[in-house]
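Here's a quick briefing to read alongside the model.

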Amino acid sequence: MISLQHYLVVSAALFSLGILGLLTRRNAVHVLMSIELILNAANINLVAFSRFAAGNLGGQIFGVFVIVVAASEVAVGLAIVLTLYRLRRTPNLDEADILKG
Amino acid sequence: MNAEAVVFWVFSIVTVASAAVVVLSRTLIYSAFALLFTFFGVAGLYVLLGADFLAATQLLVYVGGILVLLLFGVMLTHKIYDLDLKTDTTQLAPGLIVAVGLFVILSATAVRTQWMGLARPPAPTTSEIGRLFLGQYLLPFEAASLLLLVALMGAAMIVRRRRDA
Amino acid sequence: MEELLRSLALFKPEIALVAGLLLVVIADSIGAAWRNAAVRLLTLASLAFALGLAFNLQASGAGASIFSGMLVVDPLGAAFKVVLVAAGLLTVLAFTFRNSRELHGLGQGELHALVLALVLSCLLLASASDLVMLYLALEMVSITSYVMVAYLKGDRMSNEASLKYVLFGAASTGAMLYGFSFLYGMTGTTSLPAIQAFLAGGIPEANRFAIYAIALLVLAGFGFKIAAVPFHFWCPDVYQGAATPVTALLSVLPKAAGLAIALRFFYGTFSAPGTSAWDLEGSIGWGQLVMVISVLTMTLGNVAALTQTNMKRLLAYSSIAHAGYLLMGVVALSENGARGLLVYLAAYLFMNLGAFLVVTLVHLHEGSFDLRDYAGLYRRAPLLTVAMAFFLLSLVGIPPFIGFLGKLYVFAAVIEKGMGIYATIAALNAAIAAYYYFRVLKVMTIDAGNEDKPALRLALADRAWLVAFALANLVPILFWSRVEAWARGALVMYAGR
């Protein structure tokens, strides 16, 4: 029988993988993908709780808004990556080194 | 193992395995396509949880929008003829320790905590969600439209080639 | 329908801003020659209107939960709104496209629209009363800020800064969202008052750990907005890379909104009334957690600022340190703490904007942000230097300047709650901070150098704003009772549904 905890563990795995990607990736687009994993993990939580714990649709509504926000963030993030690439010809974070610290 | 369990395990493994590929693969294109499978897996989990509207939105927006955008980003920031789409990873070990630790902590928390116990049996959600958007959650719904306006204007402005005001 | 109308009646400042935003976008898209003037006029009008409406709102003392519990209107929120809109208005007034060298030649319409959107989202954030609204408003503030920082798209530093800002911000708010999801699962609702009622009813032992995890994750998101340690890494780079007017705006608006919602969230969710409505006991030890963060923040900000030579980075670390002091108002779980937070924020607004105005003007005339190029500025621009002296002394917290008032209130609130060691550490920090503020002053007045350069000729408007900000730093102490009355009138937090 699949219960709430099953879904929560799956989302915990996604979240941890997202954090791993965040910490180890150099390329900005890779980091953006890791952030998408984090947001999806939180969304799975919200929907699972909506189904098993809350008994209302608040979690799913929240999930829709998270998707909206994620789309906006990716749009703005990629716009900046593109501009950075035009100026520096590399989207790698390590080589974005004019600013120290 | 009933059908629900089988479907759950299939989707979960697809999701987590592709997520691992996204994070660990050296090639950006492989990560992007693995992300596609992750999104599909998550959409499948939504359907299992009875969130039909959200699953459709996930596919439309995440796969059809965000992923396509990410692929554009990948393609436009590398010379196509170069095909050198590999990226390095900084030291894996410390990150791995943090990630595993985080997973253990979060899973333990998830299992041990007494969550609220009201279940909602799966039922079509679209009409209810529509009612909520125009009822209780009206303000966030409208605010989200402003957010999209700002993001749209902003992204377009940032990418636009320099033109004097 | 009636609820909607009732909500709209209490929503007037935000409506003014929305109208302004839409009109600005439309005006900008009509490519007429008067476009820039129209955009600026519309922005100023909309902000001025919103300020008046916010004042009205605070004066009326209205307290209600509007839009089905998404937002809450109360005098405390209204006071924050006044500060937020005032910050936006003053920035748009004082920092024009003419006196900022960095912004020369860039499109004005989008930036003004973004300023309006930023102020609007900060207002929504400061009064959010539901997890969904909170998350959405926080992300609106963030995304608007990302775009504003990326405005100088031809500049490499600006690009790198905005990229780091986006990635760091998205990650922090993603973690915060995970915490929110746990909170939703534990209580079954997204409404903050309902969550508070649920948690006040007692937390089972098995859930304690989850509550701590939630608090930490949520602090990731709030800490990022306030630039508190350890979520401050983006701050110096972003402040340095953004155009200085944008930096000035970002140093006040998101910080103030973040503190307002942190106050409301931690008071309104994790606290239960003790002896009176305002003496709250934390249901978990989050007070100590925030105290640790506050101490780390002010210490790191001050220590790092000691060696900075870039004015923007110096002011960035200075704002980080001030966030630490501001958090004192949150840690002191009391009425005086909230009052201290408000007064400090109002003071901080004037000190910081003034300092950034000086930096902008020097950059306009000298083309540099380096402290060494400020040497001997007293001889070449006496008015500028005197004004800067006012701002620096205010930032240190010396009487009779307004910065002293702010510090006085938060220190008093903390000491009253018996946290003597905390107050001592903060006082030591203020002493350390004095070093780098005085160093700037010393370089500007005493240091030799740049004698061969001509005197700076500042525009009349710039001179007027310098004087205005300088006076704003000095004069309020004469009207202390009025300030007190304003802050006291703000101390009603609506706790209903």
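A salt bridge here is a side-chain nitrogen of Lys or Arg within 4 Å of a carboxyl oxygen of Asp or Glu. By that rule the structure holds 11 salt bridges over all chains. This is a predicted model, so to speak of local features a pLDDT of at least 70 is needed, side-chain atom pairs count only at pLDDT 80 or more, and totals for chains, interfaces and linings use all residues. Residues are numbered from 1 along each chain as its sequence is written, chains are lettered from A and ligands numbered from 1 in the order in which they are written, and side-chain values use heavy atoms, with hydrogens and water left out.

**Salt bridges**

- Arg6(C) pairs with Glu3(C), with the closest N and O atoms 3.6 Å apart. The two sit three residues apart in helix H1 of chain C, so about one helical turn separates them. (Helices are DSSP runs of H or I with at least four residues, strands are runs of E with at least two, and both are numbered from the N terminus.)
- Arg6(C) is partly exposed at 40% relative accessible area, and Glu3(C) is partly exposed too, at 29%. (Buried means under 20% relative accessible area, exposed over 50%, and partly exposed in between, using a 1.4 Å probe and protein chains only.)
- Arg313(C) and Asp237(C) meet in a salt bridge at 3.1 Å, N to O. Arg313(C) is in helix H13 (residues 311-331) of chain C and Asp237(C) in helix H10 of chain C, so this pair ties together parts that are 76 residues apart in sequence.
- Both Arg313(C) and Asp237(C) are buried. Shared partners join Lys164(C), Asp237(C) and Arg313(C) into one salt-bridge network.
- Glu110(C) forms a salt bridge with Arg160(B), the closest N and O atoms being 3.3 Å apart. This one crosses between chains, from helix H5 (residues 108-126) of chain C to the segment after H6 of chain B.
- Glu110(C) counts as buried at 12% relative accessibility, while Arg160(B) is partly exposed at 29%.

**Aromatic rings**

- A search of the whole structure turns up 30 aromatic pairs over all chains. (Rings of Phe, Tyr and Trp, the last by its six-membered ring, pair if their centres lie within 6.5 Å; planes under 30 degrees apart are stacked, over 60 edge-to-face, and the rest tilted.)
- Phe11(C) and Phe67(C) have ring centres 4.9 Å apart and planes at 75°, so the pair is edge-to-face. It links distant parts of the chain, 56 residues apart: Phe11(C) is in the loop between helix H1 (2-9) and helix H2 (12-29) of chain C, and Phe67(C) is in the loop between E1 and E2 of chain C.
- Phe11(C) is buried, with a relative accessible area of 8%.
- For Phe350(C) and Phe469(C), the centres are 6.5 Å apart and the planes at 55°, so the pair is tilted. Phe350(C) lies in helix H14 (residues 335-366) and Phe469(C) in helix H19 (residues 460-474) of chain C, so parts 119 residues apart in sequence are tied together.
- Phe350(C) is partly exposed at 22%, whereas Phe469(C) is buried at 1%.
- One aromatic cluster includes Tyr146(C), Tyr165(C), Phe224(C) and Trp234(C).

- Most residues other than glycine have a negative phi, and most peptide bonds are trans.
- Phe67(C) has a positive phi, near 50°, and counts as buried at 6% relative accessibility.
- Ala227(C) also has a positive phi, about 65°. It is found in the loop between H9 and H10 of chain C and counts as buried at 1%.
- The Val229(C) to Pro230(C) peptide bond is cis, with omega near -5°. Pro230(C) is in the loop between helix H9 (208-226) and helix H10 (234-241) of chain C.
- The Pro399(C) to Pro400(C) bond is cis as well, with omega near 0°. Pro400(C) is in the loop between helix H16 (382-396) and helix H17 (402-416) of chain C.

**The B–A interface**

- In chain B, 83 residues are in contact (heavy atoms within 4.5 Å) with 69 residues of chain A.
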